[in-house]
Amino acid sequence: MSVIQPDIGVSLRVMEKGGDSLQKCFQCGNCSAICDVTPDDDPFPRREMLYAQWGQKEKLLGNVNVWLCHQCNDCSFHCPGGANPGDVMAAVRNLSFQHYSYLGFGRYLSDPKLAPLLLAIPAVLIALVVAVGSLPGFMSMKPIVFSNMAPVMAIDLIFIPAMVFAVVAGLAGIIAIWRDFTAHYGDERDVALIKAVWLTLLGVLRHDKMKKCVVNAPRTNAHLLLFYGFFALLATTTLVALMHWINLLGIASVAETPLPLSHPVKVLGNIGAITALSGIYIIVTRRLTLNAKQVGGTLYYDSFFGVVLFLTIATGILAELFRLVDYSFPAFAIYYVHLVFVFTLLVYAPFSKFAHMLYRATALTFTNTRKRKP
Amino acid sequence: MSGSLLVIGGGIAGMTSALEAAECGLKVHLVEKDFSLGGRVLRMNRYFPKLCPPACGVEINYRRLRSNPDVEVLTNSEVVSISGVRGEFSVVVETSPRYVNARCTACGDCEKVCPVKGKDPHNYGLSEITAIRAPHKMAMPMRYAIDMDVCEGESCGKCVTACKYGAVDFAMKPVRTTLVVGSVIYATGWKPYDAGKIENLGYGKIANVVTNVEMERLAAPDGPNGGAIMDKPVKKVAFVQCAGSRDENHLPYCSSVCCMASLKQATYVRERYPDSEVYIFYIDLRASGKYQLFQDKLMGDSNVHFIKGKVAKVEDGEHGQAVVVAEDILGGEKIRVAVDLVVLATGMEPVTTRDERLPDRDEYGFISANQGRNGIHSVGVAKSPVDVTTTIRDATGSVVKALCL
């Protein structure tokens with residue numbers, strides 16, 4: 001006989017993180033049957049609802065299904081009991097990335113009281129860069145050159161170590177969750193890891209799973225816009241930094257910032273920003289105007305990620321516009337804010353909702369290593 | 001007027017209330033909005049758990065009604081308003097014309113010449129019937145009536161000529177009657193929940209998806225296909241429990257009868273087609289008390305498969321089949337079962353009346369039971385979703401309250 005030890009603390013934390021409707025579930029199984037994303041031989045989220053009700057933490061943490069869920073909300077929309085399984089799964093994911101995040105930093109990103117502190121860290125660091133590295137009188141120099149205020153070298157002195165930390169933290173999270181998946185499901189692989197990674201990459205690029213969503217279908221295209229817009233911007237930032245270092249190290253002589261609007265990298269950046277912002281616009285208006293049963297509840301950790309992402313892109317565009325119309329003070333001030341948000345977005349990525357990218361990709365890869373029935 | 005009672009609804013609840021009260025000495029007015037008494041029970045193939053046809057029980061009630069001078073039956077009539085207080089309600093009843101007078105002998109000559117047909121409500125629209133017709137084989141009064149939504153009117157007039165007795169009368173007008181009664185019993189009953197509202201279950205969109213009330217007709221010997229269920233031998237049937245019941249998007253309450261109704265209907269399939277397979281998808285089976293024995297018997301049949309898991313989707317399958325999608329909770333897998341026939345166990349919705357002043361209804365439209373002190377009573381499914389046995393007991397018991405006024 002197996003004895004189950006219910007942990008009410010775990011249930012309460014799930015309820016606190018958006019799964020407050022959890023106890024309405026009466027285990028009819030409608031959710032698993034309506035879900036088009038779930039594998040047939042291990043259907044979710046009905047079982048996960050039960051684990052959450054009974055506070056079965058170890059059943060939830062190493063559970064790959066929690067991450068296979070893309071929160072289509074077909075389950076919540078059709079739930080006869082109003083138990084909103086989609087929101088419960090989101091809450092479990094939140095607890096999950098808090099748990100797996102490096103040094104447990106994830107909990108700081110899920111606590112609204114700590115938001116000022118989290119923003120203060122990059123604000124102070126970048127203020128230091130400006131104080132130490134800026135050229136005297138950069139404000140009145142024409143044309144406006146942002147690196148006169150924040151030299152690339154000084155910025156990178158902070159960014160590169162911070163990003164190394166973020167990457168290490170992200171990897172640590174991935175390894176930790178992979179280990180738990182293996183403990184949960186065993187480590188026999190049917191498919192080579194490299195092939196599984198490739199399948200995951202293809203699936204993510206096409207948004208295969210999200211395309212199966214029904215009631216929240218318009219979100220898929222919005223997410224595609226945001227996804228490709230974001231990666232275009234990330235590529236832009238990386239290319240600009242590379243070009244700077246190529247010049248600095250004397251490898252070759254390439255264009256320097258500010259790049260003309262016609263420069264391919266600049267074009268990529270501007271298109272990326274517009275694409276990403278339109279994606280955010282659709283997602284946010286849907287969340288604000290539609291029933292939470294259809295689009296899911298919005299909690300602090302959703303908003304924090306969304307707002308930081310939006311402000312990062314919006315301040316980038318605004319700083320560019322003010323530079324183009326030659327308004328020094330707003331251009332530099334907004335550029336400073338932009339740098340603060342870029343830091344917040346990227347360095348905190350493994351600990352914020354941004355980490356859904358890491359953990360979901362890991363879960364998808366793990367699933368792709370084994371044959372499940374179609 | 002004390003000593004008199006109005007019963008609204010001539011189904012099993014209303015007939016029972018009227019008879020019990022009249023046999024205790026009350027003067028009863030029994031008002032039925034259809035052309036005939038009998039209500040929903042007469043559309044059932046069989047009752048559970050004894051699997052006897054409802055006709056015999058209804059027949060006994062008809063005989064009691066015919067021999068009791070204290071019950072005045074008003075068919076094709078609706079209560080328009082109720083005013084006054086306990087002991088002295090003034091009730092306005094409107095009787096719509098049936099365009100066939102009391103001279104009708106139900107010989108059927110008119111029916112033979114009637115050129116137009118409409119959907120037969122007795123068969124839930126599964127078959128067609130002429131505009132002039134007997135409501136059904138067990139009609140009381142056994143008198144023809146014309147469905148004016150279908151009839152072409154006096155200009156056609158074929159039935160007028162065909163009738164040897166001069167019974168067809170297009171000049172009939174609605175008649176209003178005022179009754180004075182001491183108390184009122186609402187026996188207004190139910191209607192099946194509109195299965196078309198349950199989007200994912202394919203009703204009206206996918207072939208061979210029917211509701212449980214339609215299944216009663218399909219299995220009834222006097223139904224649209226002589227009780228054969230389908231026009232080909234039935235191999236696989238899926239019963240979808242809680243189709244719209246216990247669902248906050250539809251009927252939030254448990255309709256209480258659908259589990260037993262599906263178990264009963266499973267016997268229709270198994271008896272008629274010994275090789276058939278029946279799948280019953282349920283959240284939990286609510287066959288309480290002695291009904292458990294009925295369930296146990298079916299569970300002993302290896303061709304009846306009980307699957308714990310609510311059906312979330314019905315999809316089009318190959319070869320005219322329908323595919324039901326559910327999580328087999330006890331089996332641990334999501335399954336898709338292709339079947340010839342899907343029966344949606346839709347729930348019961350209370351019927352509302354034209355008179356909106358009375359009585360108090362709960363959030364779902366059921367008439368609260370605790371209005372007895374006002375001289376207003378509710379019985380059967382008008383009060384809560386219950387089966388026939390419970391309805392009859394409730395109706396009999398409620399008469400005591402009406403007697404006390």
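This is a predicted model: local features need pLDDT of at least 70, side-chain atom pairs count only at pLDDT 80 or more; totals for chains, interfaces and linings use all residues.

Residues are numbered from 1 along each chain as its sequence is written, chains are lettered from A and ligands numbered from 1 in the order in which they are written, and side-chain values use heavy atoms, with hydrogens and water left out.

Let me begin with the cysteines. Taking a disulfide as a pair of cysteine sulfur atoms within 2.5 Å, the structure holds 1 over all chains. That disulfide joins Cys72(A) to Cys213(A), with an S to S distance of 2.1 Å. Cys72(A) sits in the loop between helix 5 (65–68) and helix 6 (74–78) of chain A, and Cys213(A) in the loop between helix 12 (193–206) and helix 13 (218–248) of chain A, so the pair ties together parts that are 141 residues apart in sequence. The torsion about the S-S bond of Cys72(A) and Cys213(A) is about -60°, so this disulfide is left-handed.

Are these two cysteines buried or exposed? I call a residue buried under 20% relative accessible area, exposed over 50% and partly exposed in between, with a 1.4 Å probe and protein chains only. Cys72(A) is buried at 9%, and Cys213(A) is buried at 5%.

In chain B, the sulfur of Cys151(B) is 6.1 Å from the closest cysteine sulfur, which belongs to Cys159(B), and that is too far for a bond; Cys151(B) is itself buried, with 17% relative accessibility. Cys163(B) is likewise in no disulfide, its nearest cysteine sulfur being that of Cys107(B), 6.2 Å away, and Cys163(B) is buried, with a relative accessible area of 17%.

Now to a helix pair. With axes as lines fitted to C-alpha atoms, for helices over the stretch in contact, and angles running from 0 to 180 degrees between N-to-C directions, the axes of helix 6 (residues 258–272) and helix 7 (residues 291–299) of chain B come within 10 Å and cross at roughly 40°. That makes helix 6 of chain B oblique to helix 7 of chain B, given that angles under 35 degrees count as roughly parallel, over 145 as roughly antiparallel, 65 to 115 as roughly perpendicular and the rest as oblique. Counting heavy atoms within 4.5 Å as contact, the residues involved include Met260(B) and Leu263(B) of helix 6 of chain B, and Phe294(B) and Leu298(B) of helix 7 of chain B.

Finally, the backbone. A cis peptide bond, with omega about 0°, joins Phe48(B) and Pro49(B), and Pro49(B) is in the loop between strand 2 (27–31) and helix 2 (54–66) of chain B. A cis peptide bond also joins Met140(B) and Pro141(B), with omega about 0°.

Tyr124(B), although not a glycine, has a positive phi of about 50°, and is buried at 18% relative accessibility. Ile229(B), not a glycine, has a positive phi of about 70°; Ile229(B) lies in the loop between helix 5 (212–219) and strand 14 (236–243) of chain B, and is buried, with a relative accessible area of 3%.

How values were computed. Helices (H or I, at least four residues) and strands (E, at least two) are DSSP runs, numbered from the N terminus.
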